[in-house]
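Hello,

The structure is pasted below, followed by notes on what was found in it.

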Amino acid sequence: MLVWLCTLVSWPSSLRAECPVTATGLCTPGVEETIVIDEVETIQYEADGYTVTTETTTTTTTVTTTNPDSGDILDGDAGYVSSSKYEGDMDVDWGGQGPATMPSGSGCYNLGTDKCAQITGSGNSTSTMGVSGMGTTFINTVDISDLDIENGGRTNYSIKVDKRDSQDRIYMHITGKNGNTSVFSGTDILSESGVASGYQTYASGFDFAGTITKLIIEVGGRDINLAIGPLFDDVQINVLYNVVSTIVTEHILSVEMWVAYGGSTETEVIDIVENIFEHNDVIDSPTDDFYFEPEFDEPDMNMSYETVEMEMDFEIEMPEMEMAELEMEMDLPEPEMEEVEMETTEPEPEMEIETEPEPEMETEEVQDEPLEEANEEPQEDMAEEPESEESASETTEDEAEEESVEEKQEKPEKKEDTKKPESKKEKAAKKIVKKMGDKGRYDSTNQLKTLIVMQVLGNTKTFFESQKQLNDREGFFTDYMLPDTQITNNNLAQYYLFAGSEGLINEMIDSQWQQK
């Protein structure tokens, strides 16, 4: 037994996803497909041949990477914040460190007439989240464990700020945790002291890796001149994270091929198998079975009776052209042939001198002697025993019968010796079919060509031209409509059918009883 193993790995042309377990930030979305083919060939030898079993195992691993978006987790309709107190529209104070106010109407300036948040602390300390230069903070903790983030991602934010005093400062800080373990921490200074930023919308984000279950959002700053502190509103937080799904499928295909020993059987089996696989497609079905589907080639629409007839005429003319070329080649070395003839004519007088007429005379004497004896013997017989007319007639009849029997015996021999020679068209047809080859004859175009060749040989082109149209018999069809959903009984036919068969059975039974 011989086992052969082959492994093949191939990559598709689709976008290859790249997202390792330790990836930080968003991965490139896409599909990564890995195909591993393991082919095991087993040969089982037997007395009259061997069986080749090829088992192909195809393992396909498909890794799909997507980047879902949580939406605004500070929106009350998203379901991540427990009450309106922690929504991003700043209608309610989140709570935090230092003094703060929640103005509305004209007190929010360019942020709108609804409520907004104002930083009023002038202190300079470090916040709970570790940010220095803090006088006031607003802190919000949001549970996002329902998102099942395990492969990293990015936290994006958006906030509207109206800083009326250029000496003030305001910042955005986000911390991501997995339980009580800090995963990432990021701080952006939105407007530093000494910058007259006025009304602005700030948007940015922080990348992270691994798993996070909650976010801590901190907005803080300083009101240095204690005039109008930094104002902010409409805080939005979106979490984009990586989702990696892996699907592994395995397909096993087993094919058996029997190869017989001895003579040309092995070659014939291999030729048959090659023809099957060459002219058919192996199709896999959803039930893990496979079947052969024939390949149909489009026939050559330019092929017709006339084109095939022209090809046959060309095949007929080809030998004549070749013979003409051979004759032209044979005519070239004529001077050499004349020299040979001159040399061969010289020894002719020697041949005439060597011949002697004596053997001919001997043969004539030998032939004359039996003729004389044969002529003398019948004369003596005729003189001694004269034959009657009846015996002469009988001998002539016997001789005639013998001659007729000999002629009858010779006639079949003549039939066997005489064979009908092949016509030029038949020879040309054989050449055309031979050019197709053993495998090419299964091609649909060549099959059509073979049929047309048969038509040309049979001269069936005008077969249907002299046909007559048969007219239908008058009165054969009737307008009578059979009743629907009704079957009429023929009582007379039933009587003859049943009564006749019953009577025949009774006669058979009575005849058996009478014989007993």
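Strand 9 and strand 10 form a hairpin with two residues between them, and Gly179 in the turn has a positive phi of about 70°. Strands here, like helices, are DSSP runs numbered from the N terminus (E, at least two residues; for helices H or I, at least four). This is a predicted model, in which local features need pLDDT of at least 70 and side-chain atom pairs count only at pLDDT 80 or more, while totals for chains, interfaces and linings use all residues. Residues are numbered from 1 along each chain as its sequence is written, and side-chain values use heavy atoms, with hydrogens and water left out.

Tyr171 has Ile189 in strand 10 as its bridge partner.

There are four aromatic pairs in the structure. Rings of Phe, Tyr and Trp (its six-membered ring) pair if their centres lie within 6.5 Å; planes under 30 degrees apart count as stacked, over 60 as edge-to-face and the rest as tilted. Tyr45 and Tyr50 have ring centres 5.6 Å apart and planes at 45°, so this pair is tilted. Phe184 and Phe208 form a stacked pair, at 5.4 Å centre to centre and 15° between the planes. This pair links distant parts of the chain, with Phe184 in strand 10 and Phe208 in strand 11 (residues 198-208), 24 residues apart. Both Phe184 and Phe208 are buried (under 20% relative accessible area; exposed is over 50%, partly exposed in between; 1.4 Å probe, protein chains only).

Regards

How values were computed:
Pairing = 2+ DSSP bridges.
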